[in-house]
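These are my notebook entries on one protein chain.

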Amino acid sequence: MMTPLLFLLLPLVTSHRHTPYGSKAPYDMVAGNILDFEFPCKPVSLFSVHRHGTRNIGKKIVQRIDLLVGALQTKFMSEGVPHDNLKWILDFGHRHKPNKDLILEGYNQLHGQGKRFSQPFSDLLSDTSQVFVGTSFKGRCKSSALSFLHGVYGSDFRVSNHSEILKTKDVRRDCDGMCQVYEPLTAEKSESNKPRVLFEHEQNKLLRYYKECRNYVEKESDKKTWQQEPSKYLNSNRMTTLAKKMSTRLGVELTSHDVVTLHILCALEVGAPRLMTNSRFCSLFQDDELYITAFYLDMMRYSGKMISEAVNSSCVLLQDGLKFLQHNRGANLKFAHTETIFPLLEHIRYLTEPMTATRDLYDREFFGDITPLGGNFFMVAMECPGSSERIVQTFLNEKPIEFPGCDSPCKLDTIVKMFPEGKCDFQGICEKKEFDFNDYLSQEVLVISGLVIVVFEVVRRRCLS
């Protein structure tokens, strides 16, 4: 007879500053509010990089959770539910579509950001000829950008790729039924008086720089190497002990991998509860147990992004932002991915420490919610009365942060000197071949063989003569 699971009736309580939901954390759980910040001088230029908002999950995650939930439901239906507090699992279902498109929650996150940004940066955003939007080719990023613009301008804008008005088919995705809310994408004459925003919706070389970096792609594909630490942690005493506890609670034999899947279900439950019918997966975890599985998920999510080529190649994005802040008035708005923002934070040395399997659960440099769904990193250049020198205030998720190695705010010229354009050698970072002993040996053998042939031929000729 199993002990009654009274803990299932209690909410998860934690006193930690960070959430255990990692990169799936909803934006409003971890973000600040730009409206709470008082700028010491007049903002004149803005460079921002936004992660797309909450989206549907991908096919692999759908298969993973359906497999585990299906096994639980089958066992409970055939053998009975071990305790009444677990009956909800029999009725659980989700309505996530396996397409990774932006959903209503994501629209609200970016729309809200746009509304807030429109207040302190009204002078930068009001002249749409000075507003430049760039996104990766992914639909969720395009839709996030449109959500943000809708928060800034309402329906009073159009988007164009230089001279051409973008049509619906160029940027529209499912958006959970919300596309029509921010769909000012028409070339009809009645729309011609609406201001036009430059919208480059396939800025992949800049916003998916890591995918353009051959050396990074090769190293990232070698998952056995960079996943060593996460794999070690998955099989550690922390995880196997938790798996045994969860197995006892559910009356089902669970692996560490299964417990991680339960954590993912909990994060989905928090991020988009309306799509999770009869879901109480978070209640399966006691006290701070979610932080145990969160540690593994954070390692898996970010270890591959700490590969040096990913970090160093992000210089192209930083240089794009610094040039804009130096020479322009207005706003340079980018919409992309965790993989875009996280290496950039490492590049400027806001983050420096890799995660290892032996680190403390809570005493670590960062948690996965550092780049939540809808997260952002932005820099605001200001001009003060009586000075033509621009100073910069940096923000992460609408919270002011110090630019590493500089005051806050920091002189723009100081940051430019810290990260000179000449040291951003994307070709050298991404295309230069590392020393390969076998290749070197092969070349040496060829040279020596050639010399032997030449010497032999000289000796042969002398003998003949």
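Entry 1, strand β8. I began with strand β8 (residues 330-336) and found it mostly covered, with seven of its seven residues buried. Buried here means under 20% relative accessible area, with a 1.4 Å probe and protein chains only. Strands are DSSP runs of E of at least two residues, and helices are runs of H or I of at least four, numbered from the N terminus. I noted that the model is predicted, so that local features need pLDDT of at least 70 and side-chain atom pairs count only at pLDDT 80 or more, while totals for chains, interfaces and linings use all residues. Residues are numbered from 1 along each chain as its sequence is written, and side-chain values use heavy atoms, leaving out hydrogens and water.

Entry 2, neighbours of β8. Strands count as paired if DSSP finds at least two bridges between them. I found β8 paired with strand β1 (residues 42-51) in the parallel sense over seven bridges. Strand β3 (residues 131-135) also runs parallel to β8, joined by five bridges. Ala331 in β8 stands opposite Leu46 and opposite Val131.

Strand β10 (residues 390-396) is largely enclosed by the rest of the structure, because seven of its seven residues are buried. I recorded an antiparallel pairing with strand β9 (residues 376-383) over seven bridges, in which Val380 has Gln393 as its partner in β10. The hairpin of β9 and β10 has six residues between the strands, and Gly386 takes a positive phi near 80° there. β10 also pairs with strand β11 (residues 399-401) in the antiparallel sense over three bridges. Two residues lie between β10 and β11 in their hairpin, where Asn397 has a positive phi of about 55°.

I located Arg208 in the loop between α7 (204-207) and α8 (214-221).

Conventions. Buried means under 20% relative accessible area, exposed over 50%, partly exposed in between (1.4 Å probe, protein chains only).
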